[in-house]
Amino acid sequence: MYEVLAYVYETYWGGEDCPGREQLGRRLSSAGFEREEIVAALTWLDGLNSAAQSLGSTPLVADQADAASTAASPAAMRVYTDRELAHLGAEGVACLHFLEHSGALPMALRELVIDRALAVAESPLEPDELRVIVMMVFWRTGFTPDALILDELCDNPAARVMH
């Protein structure tokens with residue numbers, strides 16, 4: 001499913017040009033994805049659309065200068081349930097903590113990421129899987145984090161060359 005979501009993200013950058021569910025399913029099929037993967041991805045995207053619509057008028061910030069004012073205060077703490085901890089894994093919680101406290105992931109989007117992560121059957125999520133979920137939440141909501149954050153999310157740490 002994650003390959004399908006990554007394909008959708010790369011092909012329909014910004015989300016505005018993304019076709020409807022039926023047409024998207026046909027395009028994904030013609031791109032060579034398996035039916036089961038397509039159905040899972042489309043179902044997941046339906047949930048993302050519903051959850052993103054429920055954000056309604058929740059203010060999100062689109063630039064780093066304003067992000068500091070909406071980032072969690074140093075004294076704030078998000079307490080994860082046992083289910084969330086088991087599903088996200090330690091690396092996932094650390095990733096969300098980093099993104100939130102760097103001002104790249106507003107609290108409302110963090111909750112949307114957690115919701116969409118819990119909608120996936122696999123547990124615990126691999127770090128790359130969580131990164132795809134974060135990118136899809138950014139994609140769907142139109143939130144654009146700093147370019148360095150995007151690079152970090154898209155980078156494969158295993159392929160890094162040490163100098």
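Which helix supplies the largest share of the lining of the second largest pocket? The model discussed here is predicted.

## The second largest pocket

Helix α3 gives the largest share of this lining, with four residues. The volume of the second largest pocket is about 170 Å³. Twelve residues line this pocket, and Cys-18, Pro-19, Leu-24, Leu-45 and Asn-49 are the closest to its centre.

Sorted by class, the lining of the second largest pocket holds six nonpolar residues, three polar and three charged.

## Helix α1

Helix α1 covers residues 2–11. Its buried residues are Tyr-2, Val-4, Leu-5, Val-8 and Tyr-9. Viewed down the axis of α1, these buried residues fall within an arc of 160 degrees, so they line one face of the helix.

## Helix α7

α7 is mostly covered, with eleven of its 15 residues buried.

The length of α7 checks out. At 1.5 Å a residue, its 15 residues should span 21 Å, and the end C-alpha atoms are 21 Å apart, which agrees.

What kind of peptide bond joins Ser-123 and Pro-124? The bond is cis, with omega about -10 degrees. Pro-124 sits in the loop between α6 (107–118) and α7. After α7 comes Gly-142. The phi of Gly-142 is positive, near 75 degrees.

Most peptide bonds are trans, and most residues other than glycine have a negative phi.

## Glu-111 in helix α6

Glu-111 belongs to helix α6. Is Glu-111 buried, partly exposed or exposed? Its relative accessible area is 32%. Buried means under 20% and exposed means over 50%, so a value in between counts as partly exposed. Glu-111 is therefore partly exposed.

Methods: Residues numbered from 1 in each chain as written. Predicted model: local features only at pLDDT ≥ 70, side-chain atom pairs only at ≥ 80, totals over all residues. Heavy atoms only, no water. 1 Å grid on protein atoms, 1.4 Å probe; cavity = no way out; pocket = protein on both sides within 12 Å on 5 of 7 lines; lining within 4 Å. Points joined across faces, edges and corners; volume = space filled by probe spheres on them. Helix = DSSP H or I, 4+ residues; strand = E, 2+ residues; numbered from the N terminus. Nonpolar A, V, L, I, M, F, W, Y, C, P; charged D, E, K, R; others polar. Buried < 20%, exposed > 50% of the residue type's maximum accessible area, 1.4 Å probe, protein only. Arc of directions from axis to C-beta. Expected span 1.5 Å × (residues − 1).
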